[in-house]
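Please consult the sequence and the model shown below while reading.

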Amino acid sequence: MDITKLIYELIQYGKTSGLIDNDDVVYTTNKLLEFFKVEGYSEPEETAGIRDLHLILEDMILYAKEAGLLAVDTITGYDLFDTAVMGLITPPPSVVRAKFKALLDQNPILATDYYYSFSKATNYIRTDRIEKDEKWVTKTEFGDLDITINLSKPEKDPRDIAAAGKAKKSGYPACLLCMENEGYAGNMSHPARQNHRIIPIVLNGENYFLQYSPYVYYNEHCIILNEQHVPMKIDRQTFKKLLDFVTLFPHYTAGSNADLPIVGGSILSHDHFQGGGYEFPMVRAPYEYEFTINGFEDIHSGIIKWPMSTIRLQGKDADRITELADHILRTWRSYSDKDAFIFAETDGVPHNTITPIARMRYLNDGSSIFELDLVLRNNITTSEHPLGVFHPHEIYHHIKKENIGLIEVMGLAVLPARLKKEIDILEDALIEKKDIHSIEEIASHANWADMIKDKYSEIIENDNFDKTPKKNNLHKIVQAEIGLVFSGVLEDAGVYKRTPDGIDAFMRFINSL
């Protein structure tokens with residue numbers, strides 16, 4: 001394989017995608033020649049069109065294997081290698097930040113469009129992998145819910161796991177969110193980030209950085225991380241920072257995971273928020289009950305029609321919304337209601353917190369107001385529910401066992417990759433009328449599959465269908481039922497159930513405000 005042709009092809013890709021300035025072509029070419037330990041170079045006489053980036057990098061990895069340049073022959077080894085390659089054609093932080101700021105001064109959408117395209121162009125966001133994710137929409141009583149089976153994150157090779165276990169832990173960077181990840185070479189237990197660039201922003205007078213998630217679960221999935229490695233905390237300042245963020249980027253949503261285990265779905269050791277340019281199902285949820293809180297008559301308040309217990313606040317003054325949100329949070333932190341099995345603490349361990357989500361709401365007259373959703377959370381456990389009373393119950397664990405974090409709270413299910421294979425086997429077994437209880441790989445789905453067989457017996461038992469159209473039809477049925485499971489999962493996570501007793505209990509808390 002001719003590495004000089006591949007280098008030339010990568011340079012052309014870099015120029016076309018805006019990563020390499022014409023003034024830097026020779027310099028960057030020489031850096032690539034040095035990296036691949038090549039001395040001679042000449043541009044190829046005949047060149048085809050520029051291929052997709054992942055194809056160029058795959059060929060470079062093949063060359064590296066043949067030339068003995070690849071340290072580890074696993075997916076992790078490939079990722080460390082091709083990220084190092086991309087780091088050589090990625091502009092330094094100063095260049096990226098200057099361009100972002102210049103565009104932000106014109107229009108925030110121009111700035112984020114540039115930065116998102118840049119993050120894909122550098123292969124920091126691996127678009128070829130993300131395209132493998134399976135996505136669909138399920139209609140429920142709460143509106144359309146978005147479902148995705150995440151296939152973009154490659155499974156760990158056992159050799160990678162073993163190597164990571166033997167590797168010396170440096171403690172630098174302290175976690176995957178720290179600002180020190182920018183440009184970091186990575187290792188077997190920490191992803192390479194030579195192609196990673198972050199954007200400084202200020203929220204409520206504190207320094208944060210904006211970046212995109214490398215595994216974008218939705219459009220422009222961004223992370224807003226604290227400059228300091230400090231624990232997550234939901235408080236008055238959190239609400240102000242989220243509202244500051246949507247003031248800076250009014251086309252984005254911003255929210256925070258809760259700050260307690262079980263109900264916090266991400267890294268609790270580093271203060272951060274998540275957001276992006278995506279309309280989550282939650283935003284379409286209407287008010288179901290409306291009320292006024294004394295002293296805050298200027299804030300439109302209510303409970304929305306959503307499976308999780310959510311108070312929505314709307315108003316033009318971000319400081320007033322912050323003040324009311326803080327009042328609700330402080331009240332909830334200390335609130336107990338034995339009849340509703342709500343306990344603020346047990347044995348000195350706190351249980352109540354909030355998952356907040358901020359956005360701008362645009363009105364029919366073209367004006368906008370601030371909107372802050374406050375999702376009440378409680379992480380109490382019992383012997384019957386050791387993973388959490390307000391956590392997906394065991395009946396749903398075959399689909400979703402993981403914590404319900406911010407993204408799921410807003411109506412987007414991020415389901416494990418294992419489901420892709422399991423559902424394929426399950427559908428074949430249903431068509432071929434096999435005993436699912438006896439198939440080890442999908443036995444966990446057996447009771448659920450029995451329900452599907454009963455509910456759709458006319459379709460499943462109909463032998464007049466050819467297998468392919470029947471499988472396609474059945475796949476849509478299974479997808480819809482997975483979506484309904486997700487709806488049930490969110491109801492499990494709701495602290496107040498959507499029953500007359502649950503609604504009465506919710507209103508007792510509202511009255512306490």
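The model is predicted: local features need pLDDT of at least 70, side-chain atom pairs count only at pLDDT 80 or more, and totals for chains, interfaces and linings use all residues. Residues are numbered from 1 along each chain as its sequence is written, and side-chain values use heavy atoms, with hydrogens and water left out.

**The sheet**

Helices (H or I, at least four residues) and strands (E, at least two) are DSSP runs, numbered from the N terminus. Two strands pair if DSSP finds at least two bridges between them. With antiparallel pairing, 10 strands make up an open sheet in the order β3-β4-β5-β7-β6-β13-β14-β10-β9-β8. Its edge strands, each pairing on one side only, are β3 (199-203) and β8. From one strand to the next, the twist averages 25°. Axes are lines fitted to C-alpha atoms, for helices over the stretch in contact, and angles run from 0 to 180 degrees between N-to-C directions.

Buried means under 20% relative accessible area, exposed over 50%, and partly exposed in between (1.4 Å probe, protein chains only). Because 4 of its 5 residues are buried, β9 is largely enclosed by the rest of the structure. Strand β8 (residues 287-291) runs antiparallel to β9 and is joined to it by 4 bridges. Here Glu290 stands opposite Gly302 of β9, while Tyr289 has Ile303 as its bridge partner in β9. Strand β10 (residues 310-315) is likewise antiparallel to β9, again with 4 bridges joining the two. In this pairing, Ile303 stands opposite Ile311 of β10. A hairpin is formed by β9 and β10, with 5 residues between them.

**Helices across the sheet**

Contact means heavy atoms within 4.5 Å. Helix α6 (residues 108-121) lies across β3 and β4 (206-212), and runs at about 55° to β4. Helix α9 (residues 236-248) lies across β3, β4, β5 (222-226), β6 (253-255), β7 (272-276), β13 (352-362) and β14 (368-378). The angle between α9 and β13 is about 20°.

**Nonpolar cores**

A nonpolar core is a set of buried Ala, Val, Leu, Ile, Met, Phe, Trp, Tyr and Cys residues joined through side-chain atoms within 4.5 Å. The largest such core has 90 residues, of which Phe245, Tyr496 and Phe509 touch the most other members. Apart from this core lies another, of 48 residues, including Leu145, Ile423, Ile442 and Val489. Neighbours within four places in sequence aside, Phe245 is in contact with Ile201, Leu203, Leu210, Cys222, Ile224, Tyr252, Thr253 and Ala254.

**Salt bridges**

A salt bridge is a side-chain nitrogen of Lys or Arg within 4 Å of a carboxyl oxygen of Asp or Glu. The structure holds 36 of them. The table presents examples.

| Salt bridge | N to O distance |
|---|---|
| Lys31 and Glu34 | 3.6 Å |
| Arg361 and Glu371 | 2.9 Å |
| Asp428 and Lys471 | 3.1 Å |

The salt bridge between Arg361 and Glu371 has an N to O distance of 2.9 Å. Arg361 lies in strand β13 and Glu371 in strand β14, so the pair ties together parts that are 10 residues apart in sequence. Arg361 is partly exposed, with a relative accessible area of 24%, whereas Glu371 is buried at 0%. Both residues belong to a network of salt bridges that links Arg312, Arg359, Arg361, Glu371 and Asp373.

In the salt bridge of Asp428 with Lys471, the closest N and O atoms are 3.1 Å apart. Asp428 is in helix α12 (residues 418-431) and Lys471 in helix α15 (residues 467-493), so this pair ties together parts that are 43 residues apart in sequence. Asp428 counts as partly exposed at 21% relative accessibility, and Lys471 counts as buried at 16%.

Lys31 and Glu34 are 3 residues apart in helix α2 (residues 25-35), and are therefore separated by about one helical turn. Lys31 is partly exposed, with a relative accessible area of 29%, whereas Glu34 is exposed, at 54%.

Helix α2 also contains Thr29. Thr29 counts as buried, at 7% relative accessibility. Leaving aside neighbours within four places in sequence, Thr29 is in contact with Ile7, Ile11 and Tyr41.
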